[in-house]
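Here is a friendly briefing to read alongside the sequence and the 3D view. Take a look at both, then follow the points below.

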Amino acid sequence: MSEKIISNFVDGSFQEGQGRNLFENRNPVDNSLISKVVEASAADVDAAVAAARRALSGPWGDMSVDERATLLHRVADGVMARFDEFLAAECADTGKPFSLARHIDIPRGASNFKVFADLVKNVATEAFQMGTPDGTGAINYAIRKPRGVIGVISPWNLPLLLMTWKVGPALACGNTVIVKPSEETPTTASLLAEVMRDAGIPDGVYNVVNGFGPDSAGAFLTSHRGVDAITFTGETRTGAAIMKAGADRVRPVSFELGGKNPAIVFADCDMDKAIEGTMRSAFANCGQVCLGTERVFVERSIFDQFVERLRDGAKGLKLGVPDDASANMGPLISLEHRDKVLSYYDKARDLGANVITGGGVPDMVPSLQGGAWIEPTIWTGLDDDSAIMREEIFGPCCHVSPFDDEAEVVRRANDTDYGLACSIWTENTSRAHRVAAQMDVGLVWVNSWFLRDLRTPFGGSKMSGIGREGGVHSLEFYTELTNICVKL
Ligand code: NDP
């Protein structure tokens, strides 16, 4: 069988792969080769930016909001029509279970187009009447315009979903985009290019350049003078590098960055719900979710019982390949990322943590031993200022600490450089509201986790991000408001 090549998509066509620098895309389940990917050069990024700029004033720029929205619905339908291909591609790139991607990654990836296409049709801008000294008055009203060419840099943990979370609103608002997917997960961005073309999205509106971050496509794109705004999801230190790259031309950035999210479990919680939610928030997607819980604070009177039940849950997780319907956990994204997570497993042990379960590499069948498998892991016994409690690990692991009172746990949960999300488990409604309001984060869940209404603001405070996306908040970033003042 011939080698599968993933090419850059520029100005409505896939570029030739021959004679180009290729990099390997490997399956984390067994480290087998999935495809080779064409690395975009600076000239390719230039071509993509030029195409995206031209497209702003082509047929795309002339379309009414309704026409754009219709096309974006067609894109969403196109993704759903090729659901199995998207599913297989996403699961091969990431190793995640089909059961997870079938319910989250692919349908949510598609619905991001519909949600924002519908939203732009229905959001009003503001208008003010004002008095003037001559008594005739004036009216002010604001109109929204696309910002222009948007650079979209996305990560590997939920590749299609997090990319379309940006591309959906960007296109709905009339912008054009250049997407740089993670080098680990290039396939669904490329499949989406086919869907875009088949749906009739004009050439140059959606472009994909593949490659790496520093000194590669990511850096070429974020430092390019023709890019009007940058939206990025990924690690905090990458965000800092991108901010510097965009600083010269004071370009707006929207950043969804890392987290070190707490869960707070009060003694008056519904224990079944708290265990079920914490199991998901710590271990879903092999712990590679920005919103995931890595610090669990449990009221002392239920601490032992909680730890025991969480341990039983973690031990009951079944690791397996994506199409194993009985498996609920896949591998980490890569062997390189596993080395990082394992370094924290070692560090926890060196610091004297009690390893409640896990802590190493599982014994997989010989055909899977080359994969990035790792054990779900729970620790207790470490101080709040240990590296395990302060640094984002991004693996299937959490540390559980006891607490004694509400004020103490609020202080400890907030004592972090990050500020993305928090889950609170209590059946006391007053307490839930009181504690939720005190958390220094962008998102608080009460008795749930990852429950998302796409109309609501999403983003992080402190080192977890800049700005909010979701609902009208996405429009704030993807449009420029012009106020028009008319003297009567
Ligand atoms: P990275 O920051 O490593 O990479 C994200 C993207 O940025 C990749 O496409 C990467 O390319 C690119 N990149 C890297 N360096 C540069 C650079 N100097 N200039 C331009 N682009 C660059 O993140 P991960 O892919 O490892 O994703 C995991 C991280 O994402 C975690 O920290 C997680 O918390 C965060 N995240 C945050 C979310 C949120 O909503 N707050 C949601 C999901 C994840 P390459 O692949 O080649 O390195």
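**Helix H4**

In H4, the buried residues (under 20% relative accessible area, with a 1.4 Å probe and protein chains only) include Phe 83, Phe 86, Leu 87 and Ala 89. Glu 90, Cys 91, Asp 93 and Thr 94 are buried as well. This is a predicted model, in which local features need pLDDT of at least 70, side-chain atom pairs count only at pLDDT 80 or more, and totals for chains, interfaces and linings use all residues. Residues are numbered from 1 along each chain as its sequence is written, and side-chain values use heavy atoms, leaving out hydrogens and water.

- Helices here are DSSP runs of H or I with at least four residues, and strands are E runs of at least two, numbered from the N terminus.
- Helix H4 has 12 residues (83-94), so at 1.5 Å a residue it should span 16 Å, which agrees with its end C-alpha atoms being 16 Å apart; the expected span is 1.5 Å times one less than the number of residues.
- After H4 comes Gly 95, with a positive phi near 80°.

**Ser 216**

- Ser 216 sits in the loop between strand E10 (206-208) and helix H9 (217-222).
- Its relative accessibility is 2%, so Ser 216 counts as buried.
- Leaving aside neighbours within four places in sequence, Ser 216 is in contact (heavy atoms within 4.5 Å) with Glu 39 and Gly 211.

Notes:
Buried < 20%, exposed > 50% of the residue type's maximum accessible area, 1.4 Å probe, protein only.
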